[in-house]
Amino acid sequence: MSGQATSLEENTVIEFGTSREVLFSTRLPLEFADNLHVENADGSLNVEVSVVALQYQNGSTAVAARFTKAVPHWIVKP
């Protein structure tokens, strides 16, 4: 291992979100405590998250990830 971070990218749908976390599915090889960059199409969500839970099923993974910083107004836009 080189110790360098690997850059993988995937388009997915945020199935559920709160002011502190998001839930989505992925086919990426994620693990607990992985840090990710999450961005939505209109740019209103552009943050770092940390994986807090995973559920593996049929080649896909359900992911719960918590924002590393406060994210104001990304769900309901003013």
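The following is a dialogue on how terms are applied to this predicted model.

Modeller: Residues are numbered from 1 along each chain as its sequence is written. The model is predicted, so local features need pLDDT of at least 70, side-chain atom pairs count only at pLDDT 80 or more, totals for chains, interfaces and linings use all residues, and side-chain values use heavy atoms, with hydrogens and water left out.

Biologist: What makes up the secondary structure of the protein chain?

Modeller: Zero helices and five strands, in the order β-β-β-β-β from the N terminus on. Helices (H or I, at least four residues) and strands (E, at least two) are DSSP runs, numbered from the N terminus.

Biologist: Which class does T61 fall into, buried or exposed?

Modeller: T61 is at 7% relative accessibility and therefore counts as buried. T61 is in strand β5.

Biologist: And what is T12 called?

Modeller: The relative accessible area of T12 is 39%, so T12 is partly exposed. T12 lies in the segment before β1 (14-17).

Biologist: What is T61 in contact with, leaving aside its neighbours within four places in sequence?

Modeller: Contact means heavy atoms within 4.5 Å. With those neighbours left aside, T61 is in contact with F24, S25, T26, L54, Q55 and Y56. On the same terms, T26 is in contact with E10, S60, T61 and V63, and T12 with F24 and S25.

Biologist: What makes the approach of T12 to S25 a polar contact?

Modeller: A polar contact is a pair of N or O atoms within 3.5 Å; within protein, one must be able to donate a hydrogen and the other to accept it, and residues adjacent in sequence count only if both atoms are side-chain atoms. The side chain of T12 reaches the backbone oxygen of S25 at 2.6 Å. In another such pair, a polar atom of the T26 side chain lies 3.0 Å from the backbone nitrogen of L28.

Biologist: How do you know that E21 and R66 form a salt bridge?

Modeller: The term requires a side-chain nitrogen of Lys or Arg within 4 Å of a carboxyl oxygen of Asp or Glu. The side chains of E21 and R66 meet at 3.5 Å, N to O. E21 lies in strand β2 and R66 in strand β5, so the pair ties together parts that are 45 residues apart in sequence. A search of the whole structure finds one salt bridge.

Biologist: What makes a set of residues a nonpolar core?

Modeller: The members are buried Ala, Val, Leu, Ile, Met, Phe, Trp, Tyr and Cys residues joined through side-chain atoms within 4.5 Å. The largest such core here has 14 residues, and L45, V49 and F67 have the most contacts inside it. Two or more residues come from each of β2 (21-26), β3 (35-39), β4 (46-57) and β5 (60-67). In soluble globular proteins, nonpolar side chains tend to be buried together.

Biologist: Which residues does V49 contact, its neighbours within four places in sequence aside?

Modeller: V49 is in contact with D34, N35, L36, V38, A65, R66, F67 and T68.

Biologist: How do you know that β3 and β4 pair?

Modeller: Two strands pair if DSSP finds at least two bridges between them. Five bridges join β3 to β4, which run antiparallel. The bridge partner of N35 in β4 is S50. The two strands form a hairpin with six residues between them, and G43 in the turn has a positive phi of about 80 degrees. As for the faces of β3, L36 and V38 are on the covered one, and N35, H37 and E39 on the uncovered one.

Biologist: Which residues other than glycine have a positive phi?

Modeller: Among them are A33, at about 75 degrees, and N58, near 50 degrees. A33 is in the loop between β2 and β3, and at 43% relative accessibility A33 counts as partly exposed. N58 lies in the loop between β4 and β5; its relative accessible area is 73%, so N58 is exposed.

Key:
Buried < 20%, exposed > 50% of the residue type's maximum accessible area, 1.4 Å probe, protein only.
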